[in-house]
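Subject: Structure for your files

Hello,

Here is the structure I promised to pass on. My notes on it follow below.

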Amino acid sequence: MSRAVLRMAAVVAAGIAFEKANTYCGTASMAGGHYFARSQWCLPTAEHYANLQRGLNAEAGGDNEYLRCEYEDLRREYEYLRREYEYLRREYEDLRREYEDLRPTFNNPGLVSSVWQGPPAGRVGHETPKPEWLLERIISTTNNRGDLVFDPFMGSGTTAVVADRLGCGWFGCDINREYVELALERIEADRLERSQLGLEL
Ligand SMILES: C[S@@+](CC[C@H](N)C(=O)[O-])C[C@H]1O[C@@H](n2cnc3c(N)ncnc32)[C@H](O)[C@@H]1O
């Protein structure tokens with residue numbers, strides 16, 4: 001805490017009631033609630049500061065015991081502290097983002113358990129297609145919009161179809177060229193259907 005703020009706090013320590021400080025400022029709660037508070041502290045206006053100086057010192061018998069700091073010095077000290085705080089806040093935000101990027105995504109809407117049950121996949125022209133609900137659960141649990149999903153065994157492209165719907169990027173491969181073509185057709189057809197329904201692509 002800056003010396004100036006401590007000086008303000010000393011007014012409270014001297015036993016000046018918040019109500020009195022509010023009266024000198026001519027405000028309902030500004031002085032008690034912010035100028036002399038330990039948290040959410042804010043700089044008094046020049047006018048309030050002058051009123052406080054006048055009121056408190058008159059009360060003390062006119063020997064200028066209280067708030068001897070010039071307003072401009074107080075303001076400069078406050079600005080210096082504010083800039084320092086802003087710098088620290090930004091540094092903290094950068095660190096926090098870095099930390100968040102390191103954590104694997106796990107969005108659990110309460111559906112994730114050790115046994116998953118659901119209907120089988122429909123016929124799409126592949127021997128072993130996976131159902132869309134299954135990929136939807138996997139992708140949405142472990143990815144956020146804009147993330148990139150990779151399936152090295154794309155088959156009929158269920159992963160890509162669902163990733164595309166969920167706003168994720170995707171890429172994949174399959175050893176069988178026919179399946180790659182099938183996957184691309186499915187993705188195109190799904191996009192067309194969504195655009196015809198006026199859904200976001
Ligand atoms: C179980 S299927 C994937 C089905 C897919 N999830 C779907 O919903 O249609 C596995 C796929 O892996 C492909 N595959 C097998 N060996 C591969 C390899 N070495 N490299 C790339 N793809 C391969 C197969 O052609 C097959 O289409």
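A crossover is called right-handed if, with the strands pointing away from the viewer, the path from the first strand over the helix to the second runs clockwise. Helices (H or I, at least four residues) and strands (E, at least two) are DSSP runs, numbered from the N terminus. In those terms, strand 1, helix 7 (residues 158-165) and strand 2 form a right-handed β-α-β unit.

Two points on provenance. The model is predicted, and local features need pLDDT of at least 70, side-chain atom pairs count only at pLDDT 80 or more, while totals for chains, interfaces and linings use all residues. Residues are numbered from 1 along each chain as its sequence is written.

Overall fold. The protein chain has eight helices and two strands, in the order α-α-α-α-α-α-β-α-β-α along the sequence. Its radius of gyration is 32 Å, well over the 17 Å from the globule rule for 201 residues, so the protein chain is more spread out than a compact globule. That radius is taken over C-alpha atoms, and the rule is 2.2 Å times the number of residues to the power 0.38. The C-alpha trace spans about 95 × 35 × 25 Å along its principal axes. Of the 201 residues, 19% count as buried (20 or more other C-beta atoms within 10 Å of the residue's own; exposed means 12 or fewer, partly exposed in between; C-beta atoms are placed from the backbone).

The strands. Strand 1 (residues 148-151) and strand 2 (residues 169-172) run parallel and are joined by four bridges; pairing requires that DSSP finds at least two bridges between the strands. Leu 148 has Gly 169 as its bridge partner in strand 2. In a regular strand the side chains alternate between the two faces of the sheet. In strand 1, Val 149 and Asp 151 make up the covered face, and Leu 148 and Phe 150 the uncovered one.

Cys 173. This residue is in the loop between strand 2 and helix 8 (177-196). Cys 173 counts as exposed because it has 12 C-beta neighbours inside 10 Å. Its C-alpha atom is separated by 6.8 Å from that of Asp 151, 22 residues apart along the chain. Leaving out residues up to four places away in sequence, Cys 173 touches Pro 152 and Met 154 (contact: C-beta atoms, placed from the backbone, within 7 Å).

Regards

How values were computed
Contact = placed C-beta atoms within 7 Å.
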